[in-house]
Amino acid sequence: MLNRTMIKNIIIIAVIALIVGGALAYIIKAKKSGKKCIGCPYGDSCKGSCCSCEKEEEK
């Protein structure tokens with residue numbers, strides 16, 4: 001039979017797995033939609049690195 005410590009560990013592992021899985025799904029979805037810089041506000045029109053997005057905006 002499972003004791004309380006094992007159940008707590010299983011719950012913690014499941015929560016971490018859900019968080020990592022959600023982040024991975026977000027990254028895959030963003031890449032498939034054409035974003036080059038995930039998390040960059042100009043990711044759709046970015047030239048490949050977030051530094052180039054910031055430099056374009058300064059000009």
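This briefing describes the helices, burial and surface of one chain. The model is predicted, and its chain has two helices and zero strands. Of the 59 residues in the chain, buried residues make up 12%.

**Helix H1**
- After H1 comes Gly34, a residue whose phi is positive, near 105°.

**Surface**
- The chain exposes about 5,200 Å², and carbon and sulfur atoms supply 66% of that area.
- A nonpolar surface patch of about 650 Å² is made by Leu2, Met6, Ile7, Ile10, Ile11, Val15 and Ile19.

**Ile10, one member of the patch**
- Ile10 lies in helix H1 and is one of the residues that make the nonpolar patch.
- The relative accessible area of Ile10 is 47%, so this residue counts as partly exposed, a class that lies between the cut-offs of under 20% for buried and over 50% for exposed.

How values were computed: Residues numbered from 1 in each chain as written. Predicted model: local features only at pLDDT ≥ 70, side-chain atom pairs only at ≥ 80, totals over all residues. Heavy atoms only, no water. Helix = DSSP H or I, 4+ residues; strand = E, 2+ residues; numbered from the N terminus. Buried < 20%, exposed > 50% of the residue type's maximum accessible area, 1.4 Å probe, protein only. Areas by Shrake-Rupley, 256 points an atom, 1.4 Å probe, with all protein chains shown as cover. Patch = residues over 30% accessible without salt bridge, like charges linked within 9 Å, V, L, I, M, F, W, Y side chains within 5 Å. Salt bridge = Lys/Arg side-chain N within 4 Å of Asp/Glu carboxyl O.
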